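Biologist: I'd like to go through the labels on this model one by one. Can you show me the cut-offs behind them as we go?

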Amino acid sequence: MTAVPLGVPEVPARQVAPRRRSRRIQVGPVAVGGGAPVSVQSMTTTRTSDIGATLQQIAELTASGCQIVRVACPTQDDADALATIARKSRIPVIADIHFQPKYVFAAIEAGCAAVRVNPGNIKKFDDQVKEIAEAAKEHGTPIRIGVNAGSLDRRLLRKYGKATPEALVESALWEASLFEEHDFRDIKISVKHNDPVVMIEAYRQLVAQCDYPLHLGVTEAGPSFQGTIKSAVAFGALLSQGIGDTIRVSLSAPPVEEVKVGTQILESLNLRRRGLEIVSCPSCGRAQVDVYKLAEEVTAGLDGLEVPLRVAVMGCVVNGPGEAREADLGVASGNGKGQIFVKGEVVKTVPESRIVETLIEEAQRLAERMK
Ligand code: SF4
């Protein structure tokens with residue numbers, strides 16, 4: 001069985017930048033803000049009322065490294081399912097609610113670790129912001145205020161003409177003030193836009209005006225390839241300045257993919273201990289082996305290995321030995337053979353047909369030693 005990484009993930013010593021100082025909130029066992037490790041979250045795509053399917057998807061997300069999961073709650077049946085889902089999920093569950101105060105109370109009562117709701121919407125239709133603040137305070141349930149370009153208040157659209165960074169920030173701070181009036185500050189904020197440039201600017205402006213922890217997101221980022229790039233660029237720009245406390249990559253793809261991308265972004269910036277890392281060359285006219293195939297086969301063969309391991313797969317003897325020597329494990333190929341390196345030493349030379357299996361054997365041996 002693959003080990004499920006739960007709890008506080010390890011953060012390597014060398015940081016890209018000092019983290020912004022923010023308040024800390026507690027989403028179940030996962031701390032967000034106040035210097036806590038940046039967490040990865042996602043959202044289920046099942047009907048929340050389908051408890052079995054939702055828990056199954058949460059289990060898959062948990063196994064892929066997701067630390068916080070959000071579920072939509074647009075109907076009474078969904079609200080009724082929250083208690084069981086919150087109890088059985090191994091990671092904290094956030095209920096995502098838009099207009100109905102009664103679902104907010106249900107989610108708090110159900111033991112959800114947090115609720116995403118914008119008090120502005122609540123005020124507009126059935127003003128129970130005070131009661132929500134009281135219930136959330138009583139249960140220790142934090143709230144995420146999520147401002148989205150697509151659902152920006154009409155008043156702000158009129159004032160700014162469109163969803164500018166200023167409009168997103170004004171909206172978020174106004175929403176927060178509706179809770180602050182009732183002395184409730186157990187809040188995190190997101191200001192999402194589908195354009196990374198606007199999104200980055202909005203978060204930068206926001207950090208100058210509040211100390212709430214921030215949930216980063218590029219909304220409607222698109223299909224996998226485009227969404228991955230947009231999210232990596234936007235999150236990278238902010239995280240490399242210490243901005244951001246929890247991230248959600250939004251892809252038009254299965255949510256497990258979002259978690260993989262989010263995890264990779266954090267690992268790339270040393271905001272999370274790197275797991276398996278394949279260092280493979282792009283190949284060129286000097287390659288003496290099919291590097292793409294080799295890298296793919298090694299990646300597939302090592303999938304699920306739960307140890308931090310840097311594996312170099314290099315196509316020739318130009319940069320090959322150097323990179324392979326620097327990695328935990330590596331191969332430098334040439335002349336139909338592969339020189340296998342372990343911790344900087346050549347341990348054997350094998351025919352090309354045995355490179356993949358040899359690397360996998362050696363990786364497993366190293367992983368055993370690291371346990
Ligand atoms: S390691 Fe060799 S094959 Fe790979 S890119 Fe460099 S020079 Fe080309």
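Modeller: Let's start with accessibility: buried means under 20% relative accessible area, exposed means over 50%, and partly exposed lies in between, using a 1.4 Å probe and protein chains only. One caveat is that this is a predicted model, where local features need pLDDT of at least 70, side-chain atom pairs count only at pLDDT 80 or more, and totals for chains, interfaces and linings use all residues. Residues are numbered from 1 along each chain as its sequence is written, and side-chain values use heavy atoms, with hydrogens and water left out.

Biologist: Why is S283 called partly exposed?

Modeller: S283 has 27% relative accessibility, which lies between 20% and 50%, so it counts as partly exposed. S283 sits in the loop between β11 (276-280) and α11 (291-302). Those element names come from DSSP runs numbered from the N terminus: helices are H or I with at least four residues, strands are E with at least two.

Biologist: What is the phi of S283?

Modeller: S283 has a positive phi, about 75°, although it is not a glycine. Most residues other than glycine have a negative phi. N335 is another non-glycine with a positive phi, about 55°, and its place is the loop between β13 (329-334) and β14 (337-342).

Biologist: Why does N335 count as exposed?

Modeller: Its relative accessibility is 70%, and the label needs over 50%, so N335 is exposed. D77, in helix α2 (residues 76-88), gets that label too, because its value is 52%.

Biologist: What makes T141 buried?

Modeller: T141 has a relative accessible area of 3%, which is under 20%, so it is buried. T141 belongs to the loop between α5 (129-139) and β7.

Biologist: Which residues surround the ligand?

Modeller: The shell includes C281, P282, S283, C284 and R286, along with M314, C316 and N319. Being near a molecule or strand takes one heavy atom within 4 Å of it.

Biologist: How many of that shell are nonpolar, polar and charged?

Modeller: The shell has 7 nonpolar, 3 polar and 1 charged residues. Ala, Val, Leu, Ile, Met, Phe, Trp, Tyr, Cys and Pro count as nonpolar, Asp, Glu, Lys and Arg as charged, and the others, Gly among them, as polar.

Biologist: And what lines the second largest pocket?

Modeller: Its lining has 28 residues, with M43, R70, D96, R116 and R248 nearest the centre. A pocket is an open set of points on a 1 Å grid over the protein atoms alone, where a 1.4 Å probe fits, with protein on both sides within 12 Å along at least five of seven lines; lining residues have an atom within 4 Å of a point. The lining divides into 9 nonpolar, 11 polar and 8 charged residues.

Biologist: Which strand gives the most to that lining?

Modeller: β7 does, with 3 residues. β4 (68-72), β7 (143-148) and β8 (187-192) each supply at least two.
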